[in-house]
Amino acid sequence: MYDLARDQFQTLRDCLRFAVSRFAEAELVFGHGTDNAYDEAAYLLLATLKLPLDTLEPFLDARLLPQEVDAAITAIERRAVERIPAAYITREAFLGDHRFYVDERVIVPRSFIAELLRDDAFSPWIEHPELVHRAVDLCTGSGCLAILLAHAYPDALIDAVDLSPDALDVAEINVANYNLGEQIDLIDGDLFEPLEGEVYDLIVSNPPYVDAESVAELPAEYLHEPELALGSGDDGLDVTRRLIQTASGHLNPQGVLVVEIGHNREALEAAYPQLPFVWLDTSGGDGFVFLLTREMLVEAGF
């Protein structure tokens, strides 16, 4: 099939139609930047052919060189047969307007915290960006949230922590690409363990939060991602528990903790009935990211 496509296809439209059909036939799972076969195919082909990602129509009927057809079909084949997320094929992922380098050493960036940072949604708990002097991103992975923190709070020094040296190597690429090496410090370690004595105005984390049952049922696309960055115990809350239990000791008096937890709101609230979780509104709803102040944690005994 792929050899025939290489011989017969002449335009981007040919490749796009074929990709949508192949993705549907393969029953691919989306969620690493797109949520349907057409958008995935359009992005993958435009990125592979080094065309503007927001401009499809003018190029649809342009004739492709044989080597361009070959590159397009190869990318389609990898996505459909190997079920590799498109971001790993193109080596890039986006959060809003920000582009990040990614490969299989990190999960593909996807976080509601990114849109909260963009929309200044931590108000009234953080009223003015200039009041954030120090912030930390725990489980930083590709470094994407640390970089967004640096843009949201340009006067702040940012620590970015991960226990995976491989992930930190990817984060280093992204920090360098944004020329933020003087503002962001990449730190090898497990949550707060390498941060003894450090205190922050803002702590954010998008930690592993997939429960054991869901890990066992993950589609093939997600199995290309580091398992360490996905699962977090039977109920998906192992890492979140550690954050709650230790965060107050690393927060300034007016400091704020913000954590993303996937679909675990009900389980988390049942585990900590004494905590007045503030659930932040996101494009996915108000059950995915919580906020706690240091005062809330201390009053609850943490």
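Where does Pro124 lie? Pro124 is in the loop between α6 (112-118) and β3 (134-138); helices (H or I, at least four residues) and strands (E, at least two) are DSSP runs, numbered from the N terminus. A cis peptide bond, with omega of about 10 degrees, joins Ser123 to Pro124.

The model is predicted, so local features need pLDDT of at least 70 and side-chain atom pairs count only at pLDDT 80 or more, while totals for chains, interfaces and linings use all residues. Residues are numbered from 1 along each chain as its sequence is written, and side-chain values use heavy atoms, with hydrogens and water left out.

The axes of α2 (residues 12-25) and α4 come within 10 Å and cross at roughly 10 degrees. Axes here are lines fitted to C-alpha atoms, for helices over the stretch in contact, and angles run from 0 to 180 degrees between N-to-C directions. The angle makes α2 roughly parallel to α4; angles under 35 degrees count as roughly parallel, over 145 as roughly antiparallel, 65 to 115 as roughly perpendicular and the rest as oblique. From α2, the residues Cys15, Phe18, Ala19, Arg22 and Phe23 make the contact with Ala72, Ile73, Ile76, Arg79, Ala80 and Val81 of α4, where contact means heavy atoms within 4.5 Å. Nine of the residues in the contact of α2 with α4 are nonpolar, none is polar and two are charged. In this classification Ala, Val, Leu, Ile, Met, Phe, Trp, Tyr, Cys and Pro count as nonpolar, Asp, Glu, Lys and Arg as charged, and the others, Gly among them, as polar.

Between α2 and α3 lies a loop that holds Glu27. Glu27 is not a glycine, yet has a positive phi of about 55 degrees. The axes of α2 and α3 come within 9 Å and cross at roughly 135 degrees, and the two helices are therefore oblique to each other. The crossing of α2 and α3 is right-handed, a term for the near helix being turned clockwise from the far one by less than a right angle, anticlockwise being left-handed.

The axes of α3 (residues 37-48) and α4 (residues 66-82) also come within 9 Å and cross at roughly 135 degrees. That makes α3 oblique to α4. This crossing of α3 and α4 is right-handed. Glu40, Leu44, Leu45 and Thr48 of α3 meet Ala71, Ala72, Ala75, Ile76 and Arg79 of α4. By class, the contact of α3 with α4 has six nonpolar residues, one polar and two charged.

On a 1 Å grid over the protein atoms alone, a pocket is an open set of points where a 1.4 Å probe fits, with protein on both sides within 12 Å along at least five of seven lines, and lining residues have an atom within 4 Å of a point. Residues lining the second largest pocket include Trp125, Ile126, Glu127 and Asp201. Strand β7 (residues 251-260) gives the largest share of this lining, four residues. By class, the lining has five nonpolar, three polar and two charged residues.
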